[in-house]
Amino acid sequence: MQKAQCDNTSTTRPSRADQRVWGDEDEIVAAALDYARRRITRAPDPVTGARPAADLALAAGAAITPWGIGGAAALKLFDRVLAPATRAQNGPTNLAYIPAAPTRAALAFDAVTGAANIFAGTWEAGAGAIHAENEALAWLTRLLGWPGTAAGCFVSGGSMGNLSALITARATAAASRPRPTDGWKIVCADSAHSSIRSAAQAMDIEVVTAPVDQRGHLTGAAVNAVLDSTAGVFAVVATAGTTNAGLIDDLDDIAEACERHQVWLHVDGAYGGAGLAAPGVRHLYSGIERADSFIVDPHKWLFAPYDCCALLYRDPAAARAAHSQSAHYLDAIDRDVHNPSDLALHLSRRARGLPLWFSLAVHGTERYARAVEQTLTTSRLVADAIRASDHLRLTIEPELSVVLFERPGWGPQDYASWSARAAETGAMLCVPTQWHGATVLRMAFVNPDTRADDIIDTLRTLR
């Protein structure tokens, strides 16, 4: 990559005669919006990716200077150097981690959301945007089977959603019983997302691990055994679509155990919660209607851009009691209306749910259901091909759209080398993971544009 040529690095200092601090920005606004339009409508580059820090610094040069480099040079720097040093999350052959595949409508409206510059923390400041976000949240609430009184807000991601939900759960427990002498505790499985332990560390609470069964699921029996023998538990975290394998815990039985012990049930559906929209797998979520709180990241499998997590409460009063902030400068806020700042660990927030709302409004919920079903179909076709292969083996039977598989006879370095070659050529982004101590390959299907035949052809190179 050649060093960007920033022609305006010696931009003349603004004249005192120009009374506008920023000068005339019309031309660069038009250029940036045109670039955004072209970027949204073009196909992603599957080969792009990170560069060594020293190499990138040399190529980029200094953009932040006393008098600026000018709009044309800054936009050129982004287009030629910075953007190519990122990963195309919406590429149809990007199957690593949990990628993202936002609709073009959602991407376009993300630009509109930014242009609107709405403060969406309080109803007084952002009522229109919050109303639209609440409509999107109400669709998710109906998928959960929760009452119409349920509510929530959009936060930055699953980590913030999980933390905010657990803060609410602890506040609810603390309102009815004293703090245990040995501290508060939560229960989850080893398969729970790493953000659960991060939240516990931030809250200074203990994580008690319950074992999963042979299928890899957290069960009600395991949770019940821990709750019977452990004092001070205020919440259980179940997962609806584990990140590593796409498994759904036994939600109905876990809810039974939580109700028996009067413990809050939080369901982390950051990735897998989107499957609620697909009639073909909705039965796997039985019991989710009994959860107290829930998260799903629309930027994962609901076709929204980063960053967007929907945090929902079956009874939002508990969240308001835990999160409402008090200060003299906040005294004028109407607490009888829906203020997202009262429902999570935040105050300032952009209306990050608007791109999802707009895309839902444009395309309709039936098309969303079809898109989720399409990714499930693709993942099953690929799994069938692996099952029928003479050189590959499924590690576990997939439940949602994550497929774990192995190449018998290969070790960690073999997998790493193949993965690197596939990424360098743009054929596929598929990285190794660990399953029961063994290295395997993992594919996560969240893009309805991914073609099963293309993936199957690439897997033949594993011979």
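Visitor: What makes S4 and S5 paired strands, and how many bridges join them?

Guide: Strands pair if DSSP finds at least two bridges between them; five bridges join S4 (residues 233-239) to S5, and the two run parallel. In this pairing Ala-235 stands opposite Trp-264 of S5. This is a predicted model, in which local features need pLDDT of at least 70, side-chain atom pairs count only at pLDDT 80 or more, and totals for chains, interfaces and linings use all residues. Residues are numbered from 1 along each chain as its sequence is written, and side-chain values use heavy atoms, with hydrogens and water left out.

Visitor: Why is S5 called mostly covered?

Guide: Buried means under 20% relative accessible area (exposed is over 50%, partly exposed in between; 1.4 Å probe, protein chains only). Five of the five residues of S5 (264-268) are buried. Trp-264, His-266 and Asp-268 point one way, Leu-265 and Val-267 the other. Across the chain, buried residues make up 50% of 463.

Visitor: How do you know that the radius of gyration agrees with a compact globule?

Guide: The radius is taken over C-alpha atoms, and the globule rule is 2.2 Å times the number of residues to the power 0.38. For 463 residues the rule gives a value near 23 Å; the chain has 24 Å, and therefore agrees. The C-alpha trace spans about 75 × 70 × 45 Å along its principal axes.

Visitor: What share of contacts joins residues at least 24 apart, among those between residues at least 6 apart in sequence?

Guide: Contact means heavy atoms within 4.5 Å; the share is 72%.

Terms used:
Helix = DSSP H or I, 4+ residues; strand = E, 2+ residues; numbered from the N terminus.
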